[in-house]
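Reader: Could you walk me through the charged pairs and a few of the contacts here, with the cut-offs stated as we go?
Author: Gladly; please have the sequence and the model open beside this chat.

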Amino acid sequence: MNIEIDSGSGFCFGVTTAIRKAEEELQQSSSLYCLGDIVHNGRECERLRGMGLITVEHSNLSSLHDTKMLLRAHGEPPLTYETARQHNITLIDATCPVVLNLQRRIKADYDSDPEHKRQIVIYGKPGHAEVIGLVGQTEGNAIVIEDIDDVKKLNFNRDIQLYSQTTKSLEGFRSIVSYIENHIQSPAQFHYFDTICRQVANRIPNIRTFASRHDVILFVCGKKSSNGKVLFGECLAVNPKSYLIDNPSEILPEWFRGAESVGICGATSTPKWLMEDCRDFITNLL
């Protein structure tokens, strides 16, 4: 049985940096707080928890004082920084540079329009950590849209400034751009900014190619990973023998009957060591 791990899968730059910063801090101290799951992968969170990483939520911030806390790659709204200052919490800011740049652009756009006549629109998943941070740059006034039905609710008689969550699909973004272009009413103006991270976006064509050249695909990712759901869907579209798993224990031997090759891939939140564990499990199974 030929088993190949996709070289293009695994942590993106932002996640790699956040985990490295956590590990470096935990080498010097016995524990470190992290605001939210550092990555949407339960197995990696368990590994870091064993090293002393303590995950807290926004509702816990009021009870923290005089300590250190890591901000993950997704980014945070301004209110989080202000709360940390008030409680003397030292922040280790691991916000992805791509996300940080996007936050600054949206804030500059919002601040340049003091009467807020323009609609600042974000193509993204409502409630997603990155989106919450982006909306926070506009004092909560940005409009979040996820599909064409949401777009229809915009006011096409007012200027629209469209941005995107960094991990959304290019195809979806382009369809939304096209719809707005066809419905904007003069003299209202429409400007859009392609803020999708190419390191993430480029994984879609690459993973399609990878999935098509194997008999069976194991897509390894955490249940909370939005990026994982998108990428697994791409695998399934080209290879119906694609299976979504969280860890090796979910692998079933009947999946490999008659197969000569297996491809193992994952999301931007999937650690390489977990894909390697799946490869070793299959080797021992067969």
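**Charged pairs and contacts**

Author: The side chains of Lys117 and Glu115 come together in a salt bridge, with N to O at 3.3 Å, where a salt bridge is a side-chain nitrogen of Lys or Arg within 4 Å of a carboxyl oxygen of Asp or Glu. Please keep in mind that this is a predicted model, in which local features need pLDDT of at least 70 and side-chain atom pairs count only at pLDDT 80 or more, while totals for chains, interfaces and linings use all residues. Residues are numbered from 1 along each chain as its sequence is written, and side-chain values use heavy atoms, with hydrogens and water left out.

Reader: Are Lys117 and Glu115 buried or exposed?
Author: Both Lys117 and Glu115 are exposed, on a scale where buried means under 20% relative accessible area, exposed over 50% and partly exposed in between, computed with a 1.4 Å probe and protein chains only.

Reader: How many salt bridges does the structure hold?
Author: The structure holds 17 salt bridges. One of them joins Glu4 and Arg213, whose closest N and O atoms are 3.0 Å apart. Glu4 lies in strand β1 and Arg213 in the loop between α9 (203-212) and β10 (216-220), so this pair ties together parts that are 209 residues apart in sequence. Here helices (H or I, at least four residues) and strands (E, at least two) are DSSP runs, numbered from the N terminus.

Reader: And how accessible are Glu4 and Arg213?
Author: Glu4 counts as partly exposed at 26% relative accessibility, and Arg213 also counts as partly exposed, at 49%.

Reader: OK, switching to Arg72: where is it, and which side chain of opposite charge is nearest?
Author: Arg72 sits in the loop between β4 (68-71) and α3 (78-86). Arg72 is buried yet has no salt bridge, and the nearest side chain of opposite charge is that of Glu76, 4.7 Å away; for charge, Lys and Arg count as positive and Asp and Glu as negative, while His and the chain ends are not counted.

Reader: What does the Arg72 side chain reach, then?
Author: The side chain of Arg72 reaches the backbone oxygen of Asp37 at 2.8 Å. Leaving out residues up to four places away in sequence, Arg72 touches several residues, including Leu35, Ile38, His40 and Ala129, where contact means heavy atoms within 4.5 Å.

Reader: What about Val15, is that buried or exposed?
Author: Val15, in helix α1 (residues 13-26), is buried, with a relative accessible area of 11%. Val15 touches Val39, Ala73 and Thr268, again not counting residues up to four places away in sequence. Val15 and Ser269 are 254 residues apart in sequence and 7.0 Å apart in space, C-alpha to C-alpha.

Reader: Last one: where is Asn239, and what is it in contact with?
Author: Asn239 is found in the loop between α10 (226-238) and β11 (242-245), and it is buried, with a relative accessible area of 5%. Apart from its neighbours within four places in sequence, Asn239 is in contact with Ala211, His214, Asp215, Val216 and Ile217.

Notes
A polar contact is a pair of N or O atoms within 3.5 Å; within protein, one must be able to donate a hydrogen and the other to accept it, and residues adjacent in sequence count only if both atoms are side-chain atoms.
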